[in-house]
Amino acid sequence: MDFVLPVLIGVLVACSIYLMLSRNLVRVVLGLSLLSNAVNLIIFTSGRLTRAIPPLVAEGGTLPPEGYANPLPQALVLTAIVIGFGLLAFALVLTYRAYQELGTVDTTAMRHAEPQFDEPYDDLSEARAMRHAAERGNV
Amino acid sequence: MSATGWPLVLPIITPLLAASLAFGLRRWPLLQRSVSILGMAAMLLFTVQLLGLVADHGPQAVAVSTWTAPFGIVLVADLFSALLVVVAAFTGLVVALYAGAEVGRGRESHGFHPFLLILLAGAAGAFLTGDIFNLYVWFEILLMATFGLLVLGGEKVQIDGGVKYMALNMVATILLLTAIGLLYGMTGTLNMADLHIKVAEVDDPAMLTVIAVMFLLAFAIKAGLFPLFAWLPASYHTPPMVVSALFAALLTKIGVYSMIRVFTLIFTHDMAITHGALGILAVLTMVAGVLGAAAQTDMRRVLTFTVVSQIGFMLIGLALMTRMGLVGTVFYMLQDILVKVGLFLAGGIAVRYAANESAYGRLGGLWMNKLWLAVVFLIPAMALVGLPPVSGFWGKLALVRGALEAEAWILTGVALAASFVTLYVVGRLFVTVFWKPAPALTEAEAQARAAYAPTRGDMALMVPAVTAVAVVILGLGIFAEPVLALVDQAAQQLLDPTAYITAVLGPDAVPPAPTLIGGVR
């Protein structure tokens, strides 16, 4: 397991970065959710992996048995999952709303907050931006 | 929790309770607004009480649910965090007051006040927690509240700005979580005071430096450092001005606070790399921010870029790691929170007279008929540049003196040059808004402006809020001595965390003499 989990985390992180590099907002959000899951696994692994010894104190005892699994990372992961779920819900709603309001999920075409057409001295970039927008059907 | 724990808990739970109350009262806007303002006032009262306690008796700590440190979550207040919560609560009060005149019924009934109060609770929690995972949780609470405030109203620009804010800030929190997980894997503890001790015992300092840089990256996105500040100018100018004011004042400062906490208490093992990088980032941030501000021709976006450049100034002291430098950093941070609120709120009133248009071409002519507004705008503007007699002067003086003492010539030179460009930016802004003649208006435009202009009722809320900030900034400049004395103590506590660790873990846990020798150039 000590070998398998790091490899899995690596694959997940690589996939999520690939997704987040996309211009498509839906892919970015999927990448973010994948990344947060990869990080949960990092925390889980960093608590050291042990087998079949639950951290339970036997009746009448004061300490759990020797070599017990570290319960703290699991509590941390649980917290992170809950928070990540909330953030993912918001991100999805915002993405859908952006699609409704702005008519696109292409982040390069989202220029309402930082318009690029306000530079009359740079006709070249304006023409390029217009052509770019036209190609994507956002005009 | 023992009875003595209340002073630390009250600044966090007061806004949380007020938030739930305000949420229940969302159909009664006036009542809701009163709850919000009273909640903030109570929070301010409790934070001042906490500051008094910390100033008299040194750092305070409480183990939540009596799970003793380092196993449970602790809340800790040293002078640095106590000073910050006081200023944050004051900011919250001013913003809650001003909001009544600005955000409108629609936004108020859809939860403006609960979000505002939760944001303040998150800020207080982040400042007061002594547990690094708990810091992450407070960051997320903050983030949720800012998401709400940023997109509340749902205008196109807000959604657009919100998308970029969301994506980049989520990357930052995930990075932070990764760094925390790896640090826990190496040290087996999450308590920040305990981390100070455990980090010194780690036998793989190179790996530790990698983790330190991950923390640096995560907080750099949060604080808006070069080159990771792209989300900030993309989103801060989109919500109502009062929300921008709150964000500009508090959010980036919480990133800076975390950076200062982590890089004074935990990662001081390899300052040539970590603090050296901070110095380079400070220089680049100052330059990039101030040039960005000089390039913009829209008041809101100019102000947004000044947020970035000021973060660079705050990092000078942390990069130096000297007493004078940290005095400058802490004082500059405290006063910059007030300066940002003052500038954005006074700017918000000016924009209202121009029908919410903030492009330079559409502003002007407020000097003759709104002289008081020019004064309350000029005071924070002067503090932004660092001119006497207002508060910014003392912050910059301490920073530059600290940099000179440490013989950090590049930092000194860039800080002074960036201040000159800031003077140009602020001067141009002031001339545009107040001295330039008002633009020629058509009949319809003039009517629209009259409709947008603040009413008498709006003014009753706006004027006290903005004036209070200006008075505090001026007061901090003229009577800087007592505050500087407190800040000096705060800087000493940061440099030598013995008192902090004693408060959390008891006197037996304190490691041998602190290893901080000088700073990094």
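**K198(B) is partly exposed, with a relative accessible area of 28%, and its side chain meets that of D194(B) in a salt bridge (3.2 Å, N to O).** The model is predicted, so local features need pLDDT of at least 70 and side-chain atom pairs count only at pLDDT 80 or more, whereas totals for chains, interfaces and linings use all residues. Residues are numbered from 1 along each chain as its sequence is written, chains are lettered from A and ligands numbered from 1 in the order in which they are written, and side-chain values use heavy atoms, with hydrogens and water left out. A salt bridge here is a side-chain nitrogen of Lys or Arg within 4 Å of a carboxyl oxygen of Asp or Glu. Buried means under 20% relative accessible area, exposed over 50%, and partly exposed in between (1.4 Å probe, protein chains only); D194(B), at 7%, therefore counts as buried. Both residues lie in helix α8 (residues 192-201) of chain B, 4 residues apart, about one turn of the helix, where helices (H or I, at least four residues) and strands (E, at least two) are DSSP runs numbered from the N terminus.

**In helix α16 of chain B, E405(B) and R401(B) lie 4 residues apart, about one turn of the helix.** Their side chains meet in a salt bridge with an N to O distance of 3.6 Å. E405(B) is partly exposed at 48% relative accessible area, and R401(B) is partly exposed at 45%.

**A salt bridge between R107(B) and E155(B) (3.3 Å, N to O) links distant parts of the chain, 48 residues apart.** R107(B) belongs to helix α4 (residues 104-109), while E155(B) sits in the loop between α6 (132-151) and α7 (156-187) of chain B. The arginine, R107(B), is buried, with a relative accessible area of 16%, whereas E155(B) is partly exposed at 40%. Over all chains, a search of the whole structure finds 15 salt bridges.

**E357(B), R362(B), E445(B) and R449(B) are linked in a network of salt bridges.** R449(B) is placed in helix α18 (residues 443-452) of chain B and, at 10% relative accessibility, counts as buried. Leaving aside neighbours within four places in sequence, R449(B) has contacts (heavy atoms within 4.5 Å) that include R352(B), A355(B), E357(B), R362(B) and P439(B).

A355(B) is buried at 14% relative accessibility, while N356(B) is partly exposed at 41%. Most residues other than glycine have a negative phi, and most peptide bonds are trans.

Not counting residues up to four places away in sequence, M259(B) touches several residues, among them L216(B), F219(B), L278(B) and L315(B).

**A nonpolar surface patch of about 630 Å² is made by W367(B), M368(B), L371(B), V375(B), V431(B) and W435(B).** The elements that give two or more residues to the patch are α15 (371-385) and α17 (409-435) of chain B. Patches consist of residues with over 30% relative accessible area and no salt bridge, in which like charges are joined within 9 Å and nonpolar side chains (Val, Leu, Ile, Met, Phe, Trp, Tyr) within 5 Å; the areas come from the Shrake-Rupley method with a 1.4 Å probe, and for residues only the protein chains shown count as cover. W435(B), in helix α17, is exposed, with a relative accessible area of 52%.
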